[in-house]
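Subject: Structure for you to look at

Hello,

Here is the structure I said I would pass on. Please open it first and read the notes below with it in view.

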Amino acid sequence: SSLPKAIKIRLDEKDPEKIKLRKGADDQERGTRVKVFGRVHRERKQKDVVFITLRDGYGFMQCVLTGQLIKTYDILTLARETSIELYGELYEVPPGAHAPENRELHVDYFVIHEGWKAAGGDEAITNRISKDTDHSILMDMRHLTLRGDVASSVLFVRDAVEFAFHQTYRETKLRKVSPPALVQTQVEGGATLFKFDYYGQDAFLTQSSQLYLETCLPSMGDVYCIEKSFRAEKSLTRRHLSEYTHVEAELDFITFSDLLDHLEHVMCRVLEITLADPIIAGYIKELNPEFKMPERPFKRMKYTDAIEWLNEHDILNEEGKPHAFGDDIAEAAERKMTDIINRPIFLTHFPVEIKAFYMPKDKDDSRLTESVDCLMPGVGEIVGGSMRIYKYDELMAAFKREGLDPAPYYWYTDQRKYGSSPHGGYGLGLERFLAWLCKQHTVRDCCLYPRYMGRCTP
Ligand code: 4AD
């Protein structure tokens, strides 16, 4: 082409400051000449002007190109997602016009360096994914859909929420530890174990770090971790992943009621910290316009009362019959109940038979355990927790009842030999918490690259 690649003007000037496209940036930069880098999020070509919405992961900026610049080959053939370096002066947008942060860059110079161009034509990103693309294809294209507004907003919220958990645990004096992912003991039942060959021995991907957290109490006091947990879930639901991020904590010398109070505080404080950032609050508002801070105290409801409630509301069990004591409340029934009650619920005191081996019995009713699930509207269970059996003989009896060989758990049972204590803890599924907060239909959209039955790519 005979067209110039780019028009070089004002090169005599001192190299301007390179800025990020911060959201909520102050007015300081207005009127100054700056240099920005990013990708072409959108572009709009008019007769005498080309508008580029630039994206750099920190924000968006409207860039206005006119004159000779828009007659260049690079701009005439510009494809979305092309990386570009732009120079210009920042101005307030004219009255009546709209642009991110109410500012626009009047571009006087740009460069699209070698290798920076995005594919166009059939290969253009808009030809590979659109709003109507099937969800499973979108998942194959996750590396590209991540560039979209919704996916990236959820990930920004996720980043903020994870940070808020760390901050909240700091404030409440919990110490962070990193238990192993490769283990030789189960925590939540054999059905969902991922088994693999470990130098000729059987080993598993961890289902929960709980047992390891318990071993930290004597030396470190209250502890937490944010690690991956793995579950070989053999069904496709909107809230089950094979690999998920598990926020787990363990607290020493507490009562069951202390555990519930702590859990309520942590969840509310995390929300408070997250929403205190106006940019993150803005993302949440866009994703979930009806979001309200949950009312405290959370509703507390015993399992036996939930069974009654379900029957009063004609919500049947999985066999199509009224619920009876001992039934595991299935996902559908649980969600119906939570949606009708429409506020967070601490569902407590589940029967021994449907809960894990390590849960102690309720002092007032030996059919029940000191256990809690936290249920949220739209998602259902997002937290599972309990007190832990801390007496040696009781724990051994529980292993026996569940048909578990206690031998590989020697490091766990030893805790009951050397200064045991009443303690308890919980695990919160980060993706489920986010699905609730960001009103996402599925937890799959709340992680970077979701893993579930049938998917381990990209
Ligand atoms: O109720 P769960 O199985 O409890 C435990 O693992 C305890 N050992 C945790 C503890 O006390 N430290 O799992 C806890 C939470 C669930 O409430 C749910 O939010 C999440 O982990 N979870 C999953 N999230 C996504 N996909 C899955 N397959 C999940 N399984 C559990």
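In which hand does H5 pass H8? The crossing is left-handed. Before the details, note that this is a predicted model.

The helix pair

Two packed helices are described by the angle between their axes and the distance between the axes. Here the pair is helix H5, residues 149–171, and helix H8, residues 278–287. Their axes come within 9 Å and cross at roughly 130°. Angles over 145 degrees would count as roughly antiparallel and 65 to 115 as roughly perpendicular, so H5 is oblique to H8.

On the H5 side, the residues in the contact are Ser-153, Val-154, Phe-156, Val-157 and Ala-160. They meet Ile-280, Tyr-283, Ile-284, Glu-286 and Leu-287 of H8. Sorted by class, this contact has eight nonpolar residues, one polar and one charged.

The ligand

The shell around the ligand consists of 25 residues. Ser-208, Gln-210, Gly-384, Gly-427 and Gly-429 are the closest. Which elements each supply at least two residues of this shell? They are strand S12 (243–252), strand S18 (380–387), strand S19 (423–429) and helix H13 (430–437). By class, the shell is made up of 10 polar, eight nonpolar and seven charged residues.

Backbone points to check

Most residues other than glycine have a negative phi, and most peptide bonds are trans.

- Arg-296 and Pro-297 are joined by a cis peptide bond, with omega at about -5°. Pro-297 sits in the loop between H8 and strand S13 (299–302).
- Thr-457 and Pro-458 are also joined by a cis peptide bond, and omega there is about -10°. Pro-458 belongs to the segment after H13.
- Glu-81 is not a glycine, yet its phi is positive, at about 80°. Look for Glu-81 in the loop between helix H1 (73–76) and strand S5 (83–92).

To tie two of these parts together, H8 is the helix that H5 crosses, and the loop that holds Pro-297 runs between H8 and S13. Likewise, H13 supplies at least two residues of the ligand shell, and Pro-458 lies in the segment after H13.

Regards

Conventions:
Residues numbered from 1 in each chain as written. Predicted model: local features only at pLDDT ≥ 70, side-chain atom pairs only at ≥ 80, totals over all residues. Near = placed C-beta within 6 Å. Helix = DSSP H or I, 4+ residues; strand = E, 2+ residues; numbered from the N terminus. Nonpolar A, V, L, I, M, F, W, Y, C, P; charged D, E, K, R; others polar. Axes fitted to C-alpha atoms, helices over the stretch in contact; angles between N-to-C directions. Parallel < 35°, antiparallel > 145°, perpendicular 65-115°, else oblique. Left-handed = near helix turned anticlockwise from the far one by under 90°. Contact = placed C-beta atoms within 7 Å.
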